[in-house]
Amino acid sequence: MERKKFILNMAMIALVPSLLVVACKSEKKAAVVSSEKYTCVMHPQIVKDAPGTCPICGMELVLVRDTGNKDEVILTESQIQLGNIKTVVVAGTAFHTSKILNGRVVVNPDLTEVISSRYAGRIEKLFVKETGRAVSKGQPLFQIYSETLQTLQQDYILQVKQVAAFPNEKIYQTLREAARNKLRLFGYSNSQIENLAKSGISSSSVTVRATASGIVNEINVSEGQYVTEGSQVLRLENLSQLWVEADVYPDEVGSIKLGTVVKIAVNGFAESEQTAKIDFISPQIDPSSQILKVRASIQSQGKLQPGMQVTVLLPKAKISNAISLPLDAVIRDQMGAHVWVKTGKGRFISKMVATGDEDDRQIIITSGLENVREVVVSGAYLLSSQYILKKGADPMAGHDMSKM
C-alpha cells in the first residue's frame, strides 16, 4: 500500500513541469488574444478587446492593425471610402496666384456736405428732423430767425430804392451791389434776392436750402435752439461714390502700388462685383495692428452702404513649376502647417510643410514634400482626428519647425 502511494506521488511530480508548460503557453496565447483591439469605422473612439458591434451605430467592429511606425495611421478600405480619403501625385505645375485682402466700405468724405449757420440766430423750424433721410439740392432744410439778416435785407432794399431814385448816380449802384454780395455771403440765393428787391419787404426769418443732394447723417440742433455764426446744423453724405479700405500686411506691400487694378466683391452682393484702382496707400503702418491701409473708390450702384465687408483681389501672378494643393489639404494650427502623405496601401503619415502664396482655392508648398509621391487632398482633417483618437497626441508633436 505504501509502495502504491509512493509511485502515485512520483507520477504527480513528473506531471508538474508539463502542466506548467501548458499553463505558460495558455497564458501567452491569452496575452496575444487580449492585445488585439477592435474599433468602429464610423466611430473610432469605440475600442474593444474582442469582436462585436458598435454600440452607437451597430456596425461590425474591425481589427486595429498595428504598425511598426508609431506616427503612421492605418485605415481599412472601408474606412478610406467612408472617409472620402483621396490623394494626388505630387507634381510641379504653373500656378496663378491672387492675393486676397479684407476690406470694408466707408464714406467718401470728399462728397460730404456740412450745412452750417452763416449768422447767429434761433432755429425756428426744422424741415428734416431725423437722420437717414434723403434730400435733394435746393430742398428746404431749416428756417432761422436772425436780426442781423433782417438788417442786411433792409440795407439792400434801401440801396435798390436809391438806385431807382438816382439812376445816373454810380455810387448808389456800387452800394446796391455791395449789399447784394453781403446777402449772397449769408446764403441768400439769386432768386431770393430778386424776390426781396421786388417785394421790398424784409423778413426776420430765412429758409436755408440744401446746397447738394445726399443722406442726412447728422442733425446737431433742435427747434428753438440758438446758434452762433458757423455752427454746424446738418451733415449730408453723398453715397453715390464710396471708398473701400483694405488691410495689407507689411510683406504684401511690395505687390501693391498706386494705380494697381483690383477686383472688389461685396459680401452678399455677388452682382455688385466691380474693378477699381488703388488711389491711396497709407504712408505708415498702424502701430497697434501692424496693418497698412490702402484705398480705392467704387460706385455704390444704389445698393452698397458704408460698413459692408468686402473682399479685394489683387492681380494674378504666374508662378512656374510650383507644387500647389487644395486649401483643405493643408492643416494649419499654432504648430505650423502639415499635410498627410500616403506611405503604402492604407498607410498615411503627417509631414510638416512650408507654404507660400495662395488664392481662394489653392496654396503653394515651398518645401517639405521632397521624395513624396502622393499627398492626401481630401479627408486630411479626418486623418488628424483619427490620429488624435488612437494615439492620444497631436500629429505635429515632435516636428521641428525651425528646419522648414
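Reply: Helices (H or I, at least four residues) and strands (E, at least two) are DSSP runs, numbered from the N terminus. By that count the protein chain has 6 helices and 26 strands. This is a predicted model, in which local features need pLDDT of at least 70 and side-chain atom pairs count only at pLDDT 80 or more, while totals for chains, interfaces and linings use all residues. Residues are numbered from 1 along each chain as its sequence is written, and side-chain values use heavy atoms, with hydrogens and water left out.

Now the pocket. On a 1 Å grid over the protein atoms alone, a pocket is an open set of points with protein on both sides within 12 Å along at least five of seven lines, a cavity is a set where a 1.4 Å probe fits but cannot get out, and lining residues have an atom within 4 Å of a point. The largest pocket has a volume of about 330 Å³ (the space filled by probe spheres set on the points, which are joined across faces, edges and corners). Its lining holds 16 residues, and Arg-118, Gly-187, Val-208, Arg-209 and Thr-211 are the ones nearest the centre. Two elements give two or more residues each to this lining: strand S8, residues 113-116, and strand S12, residues 205-209. S12 contributes the most, with 4 residues. By type, the lining of the largest pocket has 7 nonpolar, 7 polar and 2 charged residues (Ala, Val, Leu, Ile, Met, Phe, Trp, Tyr, Cys and Pro count as nonpolar, Asp, Glu, Lys and Arg as charged, the others, Gly among them, as polar).

Helix H5 spans residues 190-199, and its residues Gln-192, Ile-193 and Leu-196 are buried (buried is under 20% relative accessible area, exposed over 50%, partly exposed in between, with a 1.4 Å probe and protein chains only). These three cover an arc of only 100° around the axis, so they sit on the same side of H5 (the arc is that of the directions from the helix axis to the C-beta atoms). The cover over the buried residues of H5 includes helix H3 (147-165), helix H4 (170-185) and S12. Just after H5, Gly-200 takes a positive phi of about 70°.

H3, one of the elements covering H5, contains Leu-149. Leu-149 is buried, with a relative accessible area of 0%. Not counting residues up to four places away in sequence, Leu-149 touches Tyr-119, Leu-183, Phe-186, Tyr-188 and Val-206 (contact means heavy atoms within 4.5 Å). Leu-149 and Ser-204 are 55 residues apart along the chain, yet their C-alpha atoms are separated by 6.8 Å.

Of the contacts between residues at least 6 apart in sequence, 69% join residues at least 24 apart. Buried residues account for 34% of the 404 residues in the chain. Ala-337, in strand S23 (residues 336-344), counts as buried at 8% relative accessibility.

About 40 Å³ of space lies in the largest cavity. Leu-101, Val-244, Ile-278 and Arg-295 are among the residues that line it. Strands S16 (241-248), S17 (261-266) and S19 (292-299) each give two or more residues to that lining, and S19 supplies the largest share, 3 residues. The cavity lining divides into 9 nonpolar residues, no polar ones and 1 charged.

The loop between strand S18 (269-281) and S19 holds Gln-290. Gln-290 has a positive phi of about 60° although it is not a glycine, and at 43% relative accessibility it counts as partly exposed. Asn-84, in the loop between helix H2 (77-82) and strand S5 (86-89), also has a positive phi, near 55°, in a residue other than glycine. Its relative accessibility is 38%, so Asn-84 counts as partly exposed. Most residues other than glycine have a negative phi.
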